[in-house]
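Dear colleague,

Please find the structure below, followed by a short account of what was found in it.

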Amino acid sequence: MSAEPPADTAPQPASRPDEPSRAQPSSGPPSGPSSPPGVPPPAQPSSGREEPAAGVGKPFGEPGPPLNRRNPFLLGFLFGLGLLVAYALFLGIRNATSMLILIFIALFLAIGLNPAVTRLRRWGLRRGAAVAIVALGVVGLLAGGVVALIPPLVTQTTELINNAPDVVESLRRSETVNELVQRYDIANRVQGAVNAGTITNALGGVVGGARLLFGTIFNILTVLVLTIYFMASFERIKTTGYRLVPASRRERVSLLSDEILTKVGAYMVGALAIAVLAGASTFALALALGLAYPFALAVVVAICDLIPQIGATLGAIVVSLVGLASSVSDGIACIVFFIIYQQIENYLIYPRVMRRSVRVSDVAALVAALLGVGLFGVIGALVAIPMVAAIQLIMREVMLPSLEDR
């Protein structure tokens, strides 16, 4: 007998050659929708992270669209805000004008004294020691001037107070004075003028004079302290200023600025030399005429001579008045001396010194000084010639070459 096949095994149908073979399921992730024939499937993301939703990671949300710069309300608001800022700056500058002038004077003096500091550093001293030596020299000159001026003032004031009773008594005994007093009723006018209002005004004038004195002392000390600070940090200030210039132009700007600063220092040295010469000439004149306090008169003339255009005239007036107080001949001699000396200084000494130190023509120096006095007073006169030297340098090195290249 033949063996029968087991019941649980069914015969498998033979595969037909025209049927496609079934794809076996893969163990990986689903491949997604099938692509049409001939088109490569889309690239799958490298990581399985999902993109963050809008606003995720920004706790205050997405920024809105920018404002419309042509909006009339925005334009008007910005224009009004600009006017307010400009007016606030104007008020600030106007209120701080006196302090800004002191800062400018201190910076100008620091620039003028920097060549002396540089010379001391070349001799091997540190910058702090060099600044200390220059500062002590300036303080010594100021102290010498004060010591020279105070004794004459104290002496003359004491003599005036002591001689006041004698002067009043001599005026009372003078027939001419008594006749004038009776003719113009001076006694009654003086008694009518002396009241509470005039006394208050007189006291106010005394208080104003004291305030002016202490204000002047404060300003001098402020300028002195600021000058020392500027001299100590001069190189650091220059370096910081040059860093604000683009790197492509920094070298040229630094070279031009250093040359301008050198000219300012040379101008200060030349002005000091002229002032010292004027003081020495006055000292010799006072000794020759036998005037009182010759050193004090020399200091006054030297200080006044530092002020361009009008300083020498002021010093000459002071010395001439002292000479006239001594005798008429001494006063006339002082007037003639200063007239001749000022002509020599204005047309011979000053142009030569400035031509060698700053290299500014005589006409340019004169016009610059007159414009500086007219525009900014004494400060304008001090900085006029260095400004002309700077403008000439910029025109020669920057403007003219650019015009030639066009």
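**Helix packing and nonpolar cores**

Helix H7 passes helix H8 in a right-handed crossing, a term used if the near helix is turned clockwise from the far one by less than a right angle. Helices are DSSP runs (H or I, at least four residues), numbered from the N terminus. This is a predicted model: local features need pLDDT of at least 70 and side-chain atom pairs pLDDT 80 or more, whereas totals for chains, interfaces and linings use all residues. Residues are numbered from 1 along each chain as its sequence is written, and side-chain values use heavy atoms, without hydrogens and water.

The axes of H7 (residues 234-243) and H8 (residues 247-289) come within 10 Å and cross at roughly 140°. H7 is therefore oblique to H8 (neither under 35 degrees, nor over 145, nor 65 to 115); axes are lines fitted to C-alpha atoms over the stretch in contact, with angles from 0 to 180 degrees between N-to-C directions.

In contact (heavy atoms within 4.5 Å) are Phe234, Lys238, Tyr242 and Arg243 of H7 with Arg250, Ser254, Ser257, Asp258 and Leu261 of H8.

The largest nonpolar core has 18 residues; such a core is a set of buried (under 20% relative accessible area, 1.4 Å probe, protein chains only) Ala, Val, Leu, Ile, Met, Phe, Trp, Tyr and Cys residues joined through side-chain atoms within 4.5 Å. Phe108, Tyr267, Met354, Val358, Val360 and Ile385 touch the most other members. H12 gives the largest share of this core, seven residues.

Yours sincerely

Conventions:
Helices (H or I, at least four residues) and strands (E, at least two) are DSSP runs, numbered from the N terminus. Buried means under 20% relative accessible area, exposed over 50%, partly exposed in between (1.4 Å probe, protein chains only).
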